Amino acid sequence: MAAPMEKKAHSRAESRPQLARSLMDRSAEFGRWKAQSLSKADLSRKGSVDEDAVEVVELLNSREEFFTTSSCAGRILLLDGSTEGSGVQKQHCCWLLVTHKPCARDDVMAALKGATSEAVLKFEPFILHVQCRTLQDAQTLAVRSTHGLEVPLTHKGKLMVTEEYIEFLLTIANQKMEENKRRIGRFYNYLQHALKQETISNSHSKIKERNNPLCTHKNRRSQGKAQGPSTTEDNGRELEDGDGLEISAALFLGDD
């Protein structure tokens with residue numbers, strides 16, 4: 001029985017360098033993808049990262065295991081267009097008003113003069129889409145919640161609510177905007193702490209792997225095998241205290 005066991009151990013020893021090379025190639029591919037993505041022009045309507053989101057975006061992009069693909073610090077919108085499916089389809093709507101700051105009633109009333117269809121007032125919270133190098137990285141980051149507002153104001157261009165009600169809605173929307181800003185700050189602090197702990201954990205894991213090389217294959221194999229460049233949405237989780245943030249983490253799957 002000794003010979004087969006020796007052969008199996010020898011096979012495992014040979015597979016470790018191959019696995020290491022595969023992981024290095026995958027990491028290098030992720031790095032190239034990140035550099036290419038971050039070098040592209042910002043195609044958002046504003047053309048730059050929102051001021052309140054800059055710290056979070058820069059923190060993530062400074063880490064080799066993440067990069068951001070889109071973000072919005074939170075905004076109040078007035079959209080005019082048909083409603084289909086589960087909500088307003090923004091690509092088919094006219095943007096009557098958009099602001100990342102608290103909004104006044106007079107601004108909304110002036111914008112409503114341009115409504116010809118189904119105008120909807122919306123508040124959208126902080127949204128961030130992030131590409132992650134591994135499943136473990138995605139699990140560190142993913143957060144989802146609901147902290148929005150969506151109310152129809154017109155039908156076929158006719159105002160269906162009073163100005164008093166619009167002012168009431170804006171009071172709520174502006175409160176949500178201020179709370180959203182505070183939550184971004186809390187998320188940034190949470191993220192700094194989580195990434196610091198992850199760095200410490202990884203350092204301990206590397207020391208353990210050097211002392212026991214057989215752990216390396218088992219741990220890295222659990223991160224999943226790649227089938228080609230792709231992404232998959234990770235399940236989200238909420239921050240403590242019900243922080244309403246939508247952080248979509250996508251897992252990078254490189255070439256084998």
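Which residues have the most contacts inside the largest nonpolar core?

1. The model under discussion is predicted. Its largest nonpolar core has 21 residues, and those with the most contacts inside this core are Ile 76, Leu 78, Val 108, Leu 112, Leu 121, Leu 153 and Ile 166. At least two residues each are supplied by strand S2 (75-80), strand S5 (94-99), H3, S6, strand S8 (149-152) and helix H5 (163-211). Helix H5 gives the largest share of this core, five residues. Apart from this core lies another one, of 19 residues, which includes Ala 53, Phe 66, Leu 128 and Leu 191.

2. Six of the six residues of S2 are buried, so the strand is largely enclosed by the rest of the structure. In a regular strand, side chains alternate between the two faces of the sheet. In S2 both faces are covered: Arg 75, Leu 77 and Leu 79 are buried on one side, and Ile 76, Leu 78 and Asp 80 are buried on the other.

3. The pairing of S2 involves two other strands. S2 pairs with S6 in the antiparallel sense over six bridges, and Asp 80 stands opposite Ala 119 of S6. S2 also pairs with S5, again in the antiparallel sense, over five bridges. Within S5, Thr 99 is the bridge partner of Ile 76.

4. What does Ile 76 touch, leaving aside residues up to four places away in sequence? Its contacts include Leu 97, Val 98 and Thr 99, together with Leu 121, Lys 122 and Phe 123. Ala 173, Asn 174 and Met 177 are also among the residues that Ile 76 touches.

5. Is Lys 122 buried or exposed? Lys 122 counts as buried because its relative accessibility is 10%, and the cut-off for buried is under 20%. The side chain of Lys 122 is joined to that of Glu 124 by a polar contact of 3.4 Å.

6. Helix H3 (residues 105-112) has four named buried positions: Val 108, Met 109, Ala 111 and Leu 112. These residues cover an arc of only 165° around the axis, and therefore lie on the same side of H3. Val 108 and Leu 112 were named above among the residues with the most contacts inside the largest core.

7. The whole structure contains six aromatic pairs. One of them, Trp 33 with Phe 67, is edge-to-face, with 5.5 Å from centre to centre and 80° between the planes. This pair links distant parts of the chain, since Trp 33 belongs to helix H1 (residues 2-39) and Phe 67 to strand S1 (residues 66-72), 34 residues apart. The two partners may also be described by their accessibility. Trp 33 is partly exposed, with a relative accessible area of 28%, whereas Phe 67 is buried, at 1%. Ring pairs link Phe 30, Trp 33 and Phe 67 into a cluster.

8. Finally, the backbone at Lys 156 should be noted. Lys 156 is not a glycine, yet it has a positive phi of about 55°. This residue is placed in the loop between strand S9 (154-155) and strand S10 (158-159). Lys 156 is exposed, with a relative accessible area of 66%.

Notes:
Residues are numbered from 1 along each chain as its sequence is written. This is a predicted model: local features need pLDDT of at least 70, side-chain atom pairs count only at pLDDT 80 or more; totals for chains, interfaces and linings use all residues. Side-chain values use heavy atoms; hydrogens and water are left out. Buried means under 20% relative accessible area, exposed over 50%, partly exposed in between (1.4 Å probe, protein chains only). A polar contact is a pair of N or O atoms within 3.5 Å; within protein, one must be able to donate a hydrogen and the other to accept it, and residues adjacent in sequence count only if both atoms are side-chain atoms. The arc is that of the directions from the helix axis to the C-beta atoms. Rings of Phe, Tyr and Trp (its six-membered ring) pair if their centres lie within 6.5 Å; planes under 30 degrees apart count as stacked, over 60 as edge-to-face and the rest as tilted. A nonpolar core is a set of buried Ala, Val, Leu, Ile, Met, Phe, Trp, Tyr and Cys residues joined through side-chain atoms within 4.5 Å. Contact means heavy atoms within 4.5 Å. Two strands pair if DSSP finds at least two bridges between them.
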